[in-house]
Amino acid sequence: PFINALIVAAGRGERMGGGLPKQYRLLGGKAVLRHAVEAFVDHPRVDRVAVAIAKGHEELADQALAGLDVTIALGGSQRSDSVRNGLSALRPGVVLVHDAARPFCPPRVIDRLLQAVSNSDCAVPVLPAADTLARGGEWLEAPVDRAGLVRVQTPQACHTNKLMDAFSRASGSTTDESTLMLAAGFSVATVEGDPMLDKLTLPSDWDRAEAHAAVGLV
Ligand code: CTP
Ligand code: MG
């Protein structure tokens, strides 16, 4: 099939803070968004890369993506709106939807996803949840049973026609494609994720990513 990548980069990065939205900040001299996009541009099996950006971020995106062969689409107010808008920039086949806020995507994860989506509706990278998990505010509640619980990362691979079908039947916004696909009755396969794919959400995540960049992991 034709392999598309759709990088969603239309967020505001409010939890990260720090002025410039996180996807445009430099990590090891390169914008986070550019790191994220290059993983797909450089992958031999990916045929087209589209990037959803926020209105008003056009110049930031041009600068971050200078010289890369990508299609720009406008994002929306929620992540799921950005994905929905970005779909129009794709060709029928498979799409790898990926967060710009996950700058280090190992090529082998893309390989695993493409393998798994060849006999499923959707495939996602997961890692076991290592810490104790519980509801908590000021006071902690009893932990939930961690056995079998996983953390779901991106990229998430879907057949484009099935993802469009899932969107056409969706009510409200979902946080990721696997949730949307499951709600529409599709099957979601899992492959092994990678700690390098953890999302940059909070300022402490930035420190971790800079440490990776500093020791030459990126
Ligand atoms: N995203 C998007 N369009 C939106 C919201 C989010 O394309 N309307 C993208 C972000 O740019 C990011 C990914 O979805 O690459 C994951 O979202 P998140 O980590 O929540 O990023 P932000 O929404 O930017 O951050 P925050 O929620 O802290 O404001
Ligand atoms: Mg957000």
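In which strand does Ala73 lie? Ala73 lies in strand S5, where helices (H or I, at least four residues) and strands (E, at least two) are DSSP runs numbered from the N terminus.

This is a predicted model, in which local features need pLDDT of at least 70 and side-chain atom pairs count only at pLDDT 80 or more, while totals for chains, interfaces and linings use all residues. Residues are numbered from 1 along each chain as its sequence is written, and chains are lettered from A and ligands numbered from 1 in the order in which they are written.

**Overall form**

The chain holds seven helices and 12 strands. Its radius of gyration is 17 Å, which agrees with the value near 17 Å for a compact globule of 218 residues; the radius is taken over C-alpha atoms, and the globule rule is 2.2 Å times the number of residues to the power 0.38. The C-alpha trace spans about 50 × 40 × 30 Å along its principal axes. Buried residues make up 39% of the 218. A residue is buried if 20 or more other C-beta atoms lie within 10 Å of its own, exposed if 12 or fewer, and partly exposed in between, with C-beta atoms placed from the backbone. Of the contacts between residues at least 6 apart in sequence, 69% join residues at least 24 apart; a contact requires C-beta atoms, placed from the backbone, within 7 Å.

Strand pairing requires at least two DSSP bridges between the two strands.

| Pair | Sense | Bridges |
|---|---|---|
| S1 and S4 | parallel | six bridges |
| S4 and S5 | parallel | four bridges |

Ala9 has Ile53 of S4 as its bridge partner, and Val51 has Ile72 of S5. Five of the six residues of S4 are buried, so S4 is largely enclosed by the rest of the structure.

Ala52 is placed in S4 (residues 48-53). Ala52 counts as buried because it has 28 C-beta neighbours inside 10 Å. Ala73 counts as buried with 22 such neighbours inside 10 Å. The C-alpha atoms of Ala52 and Ala73 are 4.6 Å apart, although 21 residues separate the two in sequence. Ala73 and Arg108, 35 residues apart in sequence, are 27 Å apart, C-alpha to C-alpha. Leaving aside neighbours within four places in sequence, the contacts of Ala73 include Ala50, Ala52, Asn85 and Gly86. With residues up to four places away not counted, Ala52 touches, among others, Leu6, Val8, Ala73, Ser82 and Asn85.

**Nonpolar core**

The largest nonpolar core has 56 residues, of which Leu6, Ile7, Leu33 and Val51 touch the most other members. Such a core is a set of buried Ala, Val, Leu, Ile, Met, Phe, Trp, Tyr and Cys residues joined through C-beta atoms within 7 Å. Beyond four places in sequence, Ile7 is in contact with Ala36, Val37, Val49, Val51, His98 and Ala100.

Which residues of H3 are buried? They are Arg79, Ser80, Ser82, Val83, Arg84 and Gly86. Six of the eight residues of H3 are buried, so the helix is largely enclosed by the rest of the structure. The cover over these buried residues includes S1, S4, S5 (71-74), S6 (94-99), H5 (160-169) and H6 (177-183).

Strand S1 (3-9) and helix H3 (79-86) each supply at least two residues of the shell around ligand 1. Of the 22 residues around the ligand, Val8, Gly11, Glu14, Arg15 and Ser82 come nearest; a residue is near if its C-beta atom, placed from the backbone, lies within 6 Å. The shell divides into seven nonpolar, nine polar and six charged residues.

Note on methods
Two residues are in contact if their C-beta atoms, placed from the backbone, lie within 7 Å. Ala, Val, Leu, Ile, Met, Phe, Trp, Tyr, Cys and Pro count as nonpolar, Asp, Glu, Lys and Arg as charged, and the others, Gly among them, as polar.
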